[in-house]
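This report goes through some local features of the structure shown below. It takes backbone geometry first, then helix packing, salt bridges and the surface.

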Amino acid sequence: MKTKRRIVRIKNVVKPIAEPVINTIRDLAESGRLSGILLLVATAVAMIWANSSQGAAFLGFWKQKVGFPPLDKTISHWVNDGLMAVFFFFVGLEIKREFLVGELSDWRQAVLPVVAALGGAIVPAAIYLAFNADTIAADGWAIPTATDIAFSLGMLSLLGKRVPFALKVLLTAIAVIDDLIAVLVIALFYTHEIHSDMLLGAAATLAVLLALNYFKVLRFVFYLIPGLLLWFFVLKSGVHATIAGVLLAMTIPLSQLGKIEHALYKPVNYLIMPIFALANTGIVLAGDVSALLTLPLSLGIVAGLFLGKPLGIVLFSWGVVKSGMAKLPTGLKWRHIFGLGFTAGIGFTMSIFIASLSFPDAVQQSSAKLAIMVGTVLSGIVGLLWLVKVKKTMARNP
């Protein structure tokens with residue numbers, strides 16, 4: 001009896017402590033902020049671990065080979081070619097849904113985010129090349145063109161109702177187009193050697209998947225095995241394996257998109273993306289960090305994300321609105337669009353992924369990833385402060 005009473009007392013003490021923690025985590029998850037926090041935590045862990053006395057063991061872990069021929073790859077490759085294919089599948093589902101039934105399904109609504117996203121890719125790339133044209137770092141031109149959809153929306157959610165809902169919708173649409181641009185860039189510019197036999201195998205498998213869609217086969221299990229085969233063929237074709245995830249997503253029936261997205265949301269945001277951050281942000285800060293950040297490569301990335309994104313989005317949006325082809329969503333002012341532009345400079349996941357494709361050299365990769373973090377942090381902080389100021393200004397002068 002005494003033991004039972006002691007257990008009851010412990011439960012009564014633990015419960016009031018545990019409930020607020022659980023509620024806080026639930027609130028963070030529902031608002032979309034938890035995924036961003038996990039990314040930051042994973043990044044901090046990777047950097048601290050890489051620069052500790054166990055740094056060599058930590059970095060060596062990701063270089064260990066796992067599997068069997070022809071799929072004997074390092075753990076890092078399994079993360080970037082395997083787990084990230086699932087991430088790109090999830091991105092592909094979002095792109096397809098937005099174009100079929102979402103904000104991008106009506107061309108009149110789609111014009112503004114499409115043009116804004118193009119500006120948010122072209123101007124950062126141009127700024128990067130202004131620093132790095134005709135150098136060995138020129139291949140990294142696409143790094144500052146990307147927006148991290150989960151991270152950027154998570155940052156906006158920090159402001160709650162102080163940000164108009166229309167701004168979140170517009171940022172989502174721009175980020176979806178941005179992801180599509182990134183997918184095309186990876187497929188077109190980061191494919192170095194094509195194996196035609198494997199490409200034909202991928203095309204045949206894709207035809208089977210399209211046939212399943214055409215004959216209205218709804219159960220996802222029938223898409224899964226051909227999807228894995230598609231991934232294998234694309235991996236061996238020379239095209240980056242993650243493209244298979246997007247191609248598979250394009251074949252999924254519309255009626256199943258929501259269910260699969262819902263099923264993948266937590267694994268992608270709370271497992272795959274943090275693991276990706278752990279595997280790719282273990283930057284060894286040896287020597288002069290300021291020297292790394294003042295390299296033309298680093299300056300191009302920071303300037304591209306922090307300056308290029310808002311300039312590109314605002315200028316291209318202004319042009320298409322002034323031409324009469326589009327109009328700003330109800331309740332939004334140009335000052336909102338400028339704040340959105342800064343927030344879109346949060347590149348992180350996609351930018352780091354492109355950096356890993358751009359540079360085989362470890363020093364270049366470290367410089368690029370460090371610059372991405374700096375550009376992302378600057379963009380996020382300035383974007384939030386700007387939008388808070390906009391809210392206060394509009395409250396005084398509506």
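F348 is found in helix α15 (residues 348-358); helices (H or I, at least four residues) and strands (E, at least two) are DSSP runs, numbered from the N terminus. The model is predicted, so local features need pLDDT of at least 70 and side-chain atom pairs count only at pLDDT 80 or more, while totals for chains, interfaces and linings use all residues. Residues are numbered from 1 along each chain as its sequence is written, and side-chain values use heavy atoms, with hydrogens and water left out.

**Backbone**

F348 has a positive phi of about 40° although it is not a glycine. With a relative accessibility of 3%, F348 counts as buried. Buried means under 20% relative accessible area, exposed means over 50%, and partly exposed is in between (1.4 Å probe, protein chains only). D134 is not a glycine either, and has a positive phi of about 60°. D134 sits in the loop between α5 and α6 (149-157) and is exposed, at 84% relative accessible area.

The peptide bond from P69 to P70 is cis, with omega near 5°. P70 is placed in the loop between β1 (65-66) and β2 (73-74).

**Helix packing**

Two packed helices are described by the angle between their axes and the distance between the axes. Here the axes are lines fitted to C-alpha atoms, for helices over the stretch in contact, and angles run from 0 to 180 degrees between N-to-C directions. Helix α7 (residues 165-189) and helix α14 (residues 334-343) have axes that come within 11 Å and cross at roughly 45°. That makes α7 oblique to α14. Angles under 35 degrees count as roughly parallel, over 145 as roughly antiparallel, 65 to 115 as roughly perpendicular and the rest as oblique.

Helix α9 (residues 221-237) packs with helix α10 (residues 242-251) at an angle of about 150°, the axes being 9 Å apart. These two helices, α9 and α10, are therefore roughly antiparallel.

**Salt bridges**

Side chains of opposite charge can pair when their charged atoms come close. The structure holds five salt bridges, each a side-chain nitrogen of Lys or Arg within 4 Å of a carboxyl oxygen of Asp or Glu. The table gives three of these pairs.

| Pair | Closest N and O atoms |
|---|---|
| K73 and D81 | 3.6 Å |
| R97 and E98 | 3.3 Å |
| K309 and D178 | 2.8 Å |

K73 counts as buried at 16% relative accessibility, and D81 is buried at 8%. R97 is partly exposed, with a relative accessible area of 26%, whereas E98 counts as buried at 8%. K309 forms a salt bridge with D178. K309 lies in helix α13 and D178 in helix α7, so the pair ties together parts that are 131 residues apart in sequence. Both K309 and D178 are buried. Salt bridges that share partners join R97, E98 and E261 into one network.

**Surface**

L118, I122, L307, L311, L315 and F316 form a nonpolar surface patch, with about 510 Å² of accessible area together. The elements giving two or more residues to this patch are α5 (107-132) and α13 (296-322), and α13 gives the most, with four residues. Patches are made of residues with over 30% relative accessible area and no salt bridge; like charges are joined within 9 Å, and nonpolar side chains (Val, Leu, Ile, Met, Phe, Trp, Tyr) within 5 Å. Accessible areas come from the Shrake-Rupley method with a 1.4 Å probe; for residues, only the protein chains shown count as cover.
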